[in-house]
Amino acid sequence: MDLLEHQAMRLFAAHQVPVPAGEVADTPARAGAIAARLGGATVVKAQVKVGGRGKAGGVRVAATPAEASARAGEIIGMEIKGHRVREVLVAEASNIATEYYLAFLVDRSAREITGMFSSSGGMDIEQAPASSIVRIPVDPLDLTALPPAIVPVAERLWAVFVREDATLVEVNPLIVDAAGRVLAIDGKVTLDDNAAFRRSFAGLSGRPDDPLEARAVAKGLNYVKLDGTVGIIGNGAGLVMSTLDVVAGAGARPANFLDIGGGAGAQVMADALSVVLDDPAVRSVLVNVFGGITACDAVANGVIQALDQLGAAVTRPIVVRLDGHNANAGRAILAGAGHPMVTLADTMDDAAARAAHLGR
Ligand code: GDP
Ligand code: MN
């Protein structure tokens, strides 16, 4: 789970990482009221789960509550890298003397946890030469390579990483302000969902970015919205990933990733189809199932059940490729139903070509 900045800030504060005071607002008036409560200059920040907000105009300093309200009015509703801004964080503005970059992350290729530090933190960190970024082996924990002033805060950020089962804790910039105080004024945190059961920190249940994502999560589906036009449903993350590739290879762009998982019954397929068809960007749907624990006849029954439930809402063509366990039975069920919007395909490539053609 990726956290929004304001959630990361609250998590940091819970671990005694110094952060500017601030609150979230979804209207300009509320932003103004928060700025009035905080007193002094504030910074109004788009709450979206992408970096580069500053460059996109989504981070603005305001001298007065009226100005904070005006800036919030400009930022709320903005789109930053495809993410619509619904909320802003209104925080005390900092008087920045030095900007550092500090991150702890799971480095999968090196199979270790790495710390990354740069003394040229801020908006251009992506352009900083690799040689200016120090990689710190964090096991055993030895942060003495860092400037002494930030070591205590770095240790607390390391505690966030370990105790919250994070896979990423990135602070850019970690600042020293004009008064010599060290503050995390931006935070990007990814928590390992496998450890959600033992996570005690409350207040992380922000609303998912996408209403369909929220619905899919509520149904227990593994769904990620993408920006293309071909809806994708498959069983198993690996198969769904390769389906995305094959659709892209056929010249179309996937509208989503949706893994119904192993052992999925008919209702799961019905839920999956209903979520994907509710995305207005979807022009065709590709159902790609390799039957194992999930038998293809159950999947076929799920497709039929979904078509019954959705009725007139099925306005886009659905291409189905079934293979593996009970594939013939599954195909027979779909062929027998003869639904006008459903096409059967024999192979994954054929299915992708048809779905891509229909979805362009
Ligand atoms: P990002 O662009 O999404 O990484 O958003 P940040 O929160 O990092 O803000 C972008 C940049 O705005 C930072 O690198 C700072 O240079 C600047 N900035 C952010 N907050 C403040 C603030 O309180 N005061 C000042 N003067 N600059 C700020
Ligand atoms: Mn930043």
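A residue counts as buried when its relative accessible area is under 20%. Keep that cut-off in mind on this tour of a predicted model.

**Stop 1: helix 1.** Select residues 5-14. Seven of these 10 residues are buried, so helix 1 is largely enclosed by the rest of the structure. The buried ones are E5, H6, Q7, A8, M9, L11 and F12. Step just past the helix to Q16, where phi is positive, about 60°.

Stop 2: Now zoom in on strand 2 (residues 42-46) and strand 3. Four bridges join them in the antiparallel sense. Pick K45: its bridge partner in strand 3 is V59.

**Stop 3: the manganese ion.** Select ligand 2. Which residues coordinate the manganese ion? N172 (O) and D186 (OD) do, at 2.1 Å. N172 sits in strand 10 (residues 166-177), while D186 is in the loop between strand 11 (182-184) and strand 12 (188-191), 14 residues apart. Both N172 and D186 are buried.

**Stop 4: from D186 to R53.** R53 lies in the loop between strand 2 and strand 3, and D186 in the loop between strand 11 and strand 12, so the pair ties together parts 133 residues apart in sequence. R53 is buried, as is D186. E5 takes you back to helix 1.

**Stop 5: two further salt bridges.** The whole structure holds 18 salt bridges. Select D124 and K55, which meet at 2.5 Å, N to O. D124 is in the loop between strand 8 (112-118) and strand 9 (133-137), and K55 in the loop between strand 2 and strand 3, 69 residues apart. D124 is partly exposed at 47% relative accessibility. K55 is exposed at 52%.

Then select K219 and D271. The closest N and O atoms of this salt bridge are 3.8 Å apart. K219 lies in the loop between helix 5 (211-218) and strand 13 (222-225); D271 is in helix 7 (residues 266-277), 52 residues apart. Buried or partly exposed: which is K219? K219 is partly exposed, with a relative accessible area of 44%. D271 is buried, at 11%.

Definitions and conventions
Residues are numbered from 1 along each chain as its sequence is written. Chains are lettered from A and ligands numbered from 1 in the order in which they are written. This is a predicted model: local features need pLDDT of at least 70, side-chain atom pairs count only at pLDDT 80 or more; totals for chains, interfaces and linings use all residues. Side-chain values use heavy atoms; hydrogens and water are left out. Donors are N, O and S atoms within 2.8 Å of the metal (3.2 Å for Na, K and Ca); water is not among the atoms, so sites may look incomplete. Helices (H or I, at least four residues) and strands (E, at least two) are DSSP runs, numbered from the N terminus. Buried means under 20% relative accessible area, exposed over 50%, partly exposed in between (1.4 Å probe, protein chains only). Two strands pair if DSSP finds at least two bridges between them. A salt bridge is a side-chain nitrogen of Lys or Arg within 4 Å of a carboxyl oxygen of Asp or Glu.
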